[in-house]
Amino acid sequence: MSNAETSDTHFLNSFSIVLGILIIVAIGLFALARSLGRVQLKDQMTESTYLSAVQNNIAPFGQEAVAGQDNSALTVPTASTATPSAPAASVPKSGQDAFQQVCSSCHGLGLNGAPKAGDKAAWAPRIAQGMAVLYQHAEHGYKAMPPRGGTNWPDGTIRAAVNYMVSLAKK
Ligand code: HEC
């Protein structure tokens with residue numbers, strides 16, 4: 001029995017112990033990952049938004065008309081048949097809505113020299129020009145003020161928004 005042999009045995013013993021501990025840790029991590037993954041997978045599969053997102057992602061992006069079949073679903077809406085729902089639906093109903101949707105992005109904080117809503121000193125000289133001038137500038141633009149605030153809203157909506165901002169400056 002040499003000295004080298006006992007140190008070999010000693011090495012083998014501690015090596016086995018370390019190996020055993022590592023294997024146990026690995027099994028533990030594996031089990032943990034499995035259980036975490038299961039929770040997440042279940043959530044995702046039941047979440048309808050996730051499912052519809054998947055549907056969107058795998059939906060065919062092109063459609064082909066096939067001779068002899070019903071291709072009515074493929075007709076491209078023309079200007080006359082397409083409902084102008086997008087712009088109409090986005091026209092705010094009140095001056096306050098209009099202000100909150102668009103005008104406030106500049107007039108809320110007073111960006112780029114825009115008269116800040118509710119700032120009496122900023123608005124007084126502008127109001128003094130008369131409402132007609134304010135409407136005119138709001139509809140057609142004035143210096144850094146973009147025409148209609150960059151929207152395609154009708155005059156009535158723009159004027160209502162001007163009225164609303166003017167009313168804020170008079171409070
Ligand atoms: C991109 C930023 C921006 C947006 C959005 C914007 N404005 Fe302005 N507005 C300005 C700036 C800048 C001025 C100041 C122009 C000047 O006098 O130099 C101004 C000035 C005005 C004035 C005063 C004009 C005058 O004669 O003194 C009115 C009224 C006005 N805006 C109305 C509106 C309305 C209504 C909306 C929303 C539909 C709107 N603005 C959206 C930037 C904006």
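Modeller: Helix α4 gives the largest share of the shell around the ligand, six residues. Helices here are DSSP runs (H or I, at least four residues), numbered from the N terminus. The model is predicted: local features need pLDDT of at least 70, side-chain atom pairs count only at pLDDT 80 or more, and totals for chains, interfaces and linings use all residues. Residues are numbered from 1 along each chain as its sequence is written.

Colleague: Which residues come nearest to the ligand?

Modeller: A residue is near a molecule if its C-beta atom, placed from the backbone, lies within 6 Å of it. Of the 28 residues around the ligand, C103, C106, A114, M145 and G149 come nearest.

Colleague: Is C106 buried or exposed?

Modeller: A residue is buried if 20 or more other C-beta atoms lie within 10 Å of its own, exposed if 12 or fewer, and partly exposed in between, with C-beta atoms placed from the backbone. C106, in helix α4, is buried because 20 other C-beta atoms lie within 10 Å.

Colleague: Why is R126 partly exposed?

Modeller: R126, which lies in helix α5 (residues 120-127), is partly exposed because it has 17 other C-beta atoms within 10 Å.

Colleague: Which residues is R126 in contact with, leaving aside neighbours within four places in sequence?

Modeller: Two residues are in contact if their C-beta atoms, placed from the backbone, lie within 7 Å. With those neighbours left aside, R126 is in contact with P115 and L134. R126 and P115 are 11 residues apart in sequence and 8.8 Å apart in space, C-alpha to C-alpha.

Methods. Helices (H or I, at least four residues) and strands (E, at least two) are DSSP runs, numbered from the N terminus.
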